[in-house]
Amino acid sequence: MTTGKINVTVENIFPLIKKFLYSDHEIFLRELISNATDATLKLKHLTSIGEATVEYGNPKIEVKIDKDNKTLHITDQGIGMTSEEVEKYINQVAFSGAEEFLEKYKDSAKDSGIIGHFGLGFYSAFMVANKVEIITKSYKDEPAVHWTCDGSPEFTLEPSDKTNRGTEIILHIADDSTEFLEDFKIRELLSKYNKFMPIPIKFGTKTEKEGENEVEVDNIINNPNPAWTKKPSDLTDEDYKNFYRELYPMQFEDPLFHIHLNVDHPFNLTGILYFPKLSGDLNIQKDKIQLYQNQVFVTDNVEGIVPEFLMMLKGVVDSPDIPLNVSRSYLQADGNVKKISNYITRKVADKLKGLFNEDRKAFEEKWNDIKIVLEYGMLSEDKFYEKAKDFALYPTVNNSYFTFEELKEKIKPNQTNKEGKLVVLYASNKDAQHSYIAEAKAKNYEILLLDSPIVSHLIQKLEMDNQDVTFTRVDADSIDNLIKKDENIISKLSEYETTKLKEVLEKVIPTTTYQIQTEALDSNAAPFMITQPEFMRRMKEMQAMGGNTMFGNFPDSYNLVVNTNSDIASKIVNESNDEIKTTLIKQALDLAKLAQGLLKGEELTDFVKRNFESIK
């Protein structure tokens, strides 16, 4: 048996780093500033525990462009490196100084905010530079050194005359990357990736008013102490709103409310989620929640970390325990991810329940702006569904709001079908279903207004969870058929006349589309009424949303309910002139179709012409 060590050739490592490690070349600036931040935080920690006797002061990181020499400079005032440390950390690919530091000071430095893990970030510089220099002086009393490399395995290391503590990285920008010598480009990258880094970052200068004079000051482009790093007790509602505007400067509406995330066991997670005003559109732009790791921007694709139903929210999630790939550009599968997702679900549910309990009226006023998120959550997350039962609201067409248990108690006395189930009547469009709503209201029935695009899926779940309840849209059938009617209603037409009426109707009305039913309904009910069976309509709606297609495409199928207690039904039966009889039927049918929004195109044109003729 032969054993040995795999030999990694440096000549092959550099092309791999440049081509495959980082998907986007602009990441180099994030990585180099992360290294500078780590160097500064290490010094902060060492001075705090008395291991470094130098003055920590108020260090900052400076980014500077030198267009004449085609160089980009990143300078920090951190821990610096000795000659031996450059050999150790720079000349050994994938040796992480941050990882080594955290291991050495694992008891005291676990909350230091140090970012690095893999020891590869520095080499991202070679994606945009054909030569990189490091000029560095350690906080220890040792000489400064100057390291130079042109992207090949060859490097030089020599003494430097640098006298102040810290490190300067000089990138000689390659000809194919000169965009990184433009102020606007660097400012854009700093704003995207380093906006909330924990150490102040200077990029150029700006003028400020000081008394009567204007003075030049450092232009600090980041906020080192963003709201999510602070205790909720130290923040006001206005602080949260200001931070929202800082995150989304082009968002002109304030959020409805916020949820501050803060947990340190069994994982570390902080962040702030905001509920913005939402429409009923499930295709709202997502990717508005930003993922950070120790205040370093990672991605705005938080799939996996944040439950899917909450991805329409906005805000920030920051965790050093989120497992990232080597380039810190996307998540890797890990048990912590699911734990974090479950925690966020629970935290959101608790916040919503708290808002409901504290001020129900205010919660009701926000309901229509947040319901799409909550309804989606109730469908997709069983744990959230169980918690949401306490605060999920069901609005009526009269702008009243009930929890589901409240609703059941409200309708129990007079909304029961022949099987003894409670009938929850609902409308999905107040205008389109106005006549049906009016008829139901005239009988003092409660009608919910469920107008979100996922309502068919939601009521399926509610019916499964409540076997004593059935949901029916208000235009799914006549009210007297939906709810146990007065058995004393007697038809004006005899059995013979009713049979004759149906035969006459079938000669004029296409039975391939309409299932003709004759019913003895209340005399105030419409003479002709078109309904769509609840099951068929619900299946078509779910299919339209990409639901189950195992049954194929559901055809359009409607019921035509003819009230045998109406004067029009009697007139049709007793009319001897076939032409008048046909006109009566067509007119009544068109009016019923018009009430359901089914009268369109040529049929609508003919209907209008016919009515103008009758006016003449």
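Q: Hi! Of the contacts between residues at least 6 apart in sequence, what share joins residues at least 24 apart?
A: That share is 70% in this protein, where contact means heavy atoms within 4.5 Å. Before we go on, this is a predicted model, in which local features need pLDDT of at least 70 and side-chain atom pairs count only at pLDDT 80 or more, while totals for chains, interfaces and linings use all residues. Residues are numbered from 1 along each chain as its sequence is written, and side-chain values use heavy atoms, with hydrogens and water left out.

Q: Thanks! How many helices and strands are there?
A: The protein has 18 helices and 21 strands. Both are DSSP runs numbered from the N terminus: helices are H or I with at least four residues, strands are E with at least two.

Q: And what percentage of the residues is buried?
A: Buried residues account for 50% of the 616. Buried means under 20% relative accessible area, exposed over 50%, and partly exposed in between, using a 1.4 Å probe and protein chains only.

Q: Is K231 buried or exposed?
A: K231 counts as exposed because its relative accessibility is 56%. You'll find K231 in the loop between strand 8 (213-220) and helix 6 (237-247).

Q: What about Q290, buried or exposed?
A: Q290 has 16% relative accessibility, so it counts as buried. Q290 belongs to strand 11 (residues 289-293). Leaving out residues up to four places away in sequence, Q290 touches several residues, including L247, Y248, F297 and V316.

Q: Switching topic: which residues have the most contacts inside the largest nonpolar core?
A: They are F275, I344, L352, V373 and F471, in a core of 63 residues. A nonpolar core is a set of buried Ala, Val, Leu, Ile, Met, Phe, Trp, Tyr and Cys residues joined through side-chain atoms within 4.5 Å. Apart from that core lies another of 62 residues, with L29, I90, L189 and Y244 among them.

Q: How many bridges join strand 19 to strand 21?
A: Six bridges join strand 19 to strand 21 (residues 558-563), and the two run parallel. Q517 stands opposite V561 in strand 21.

Terms used:
Pairing = 2+ DSSP bridges.
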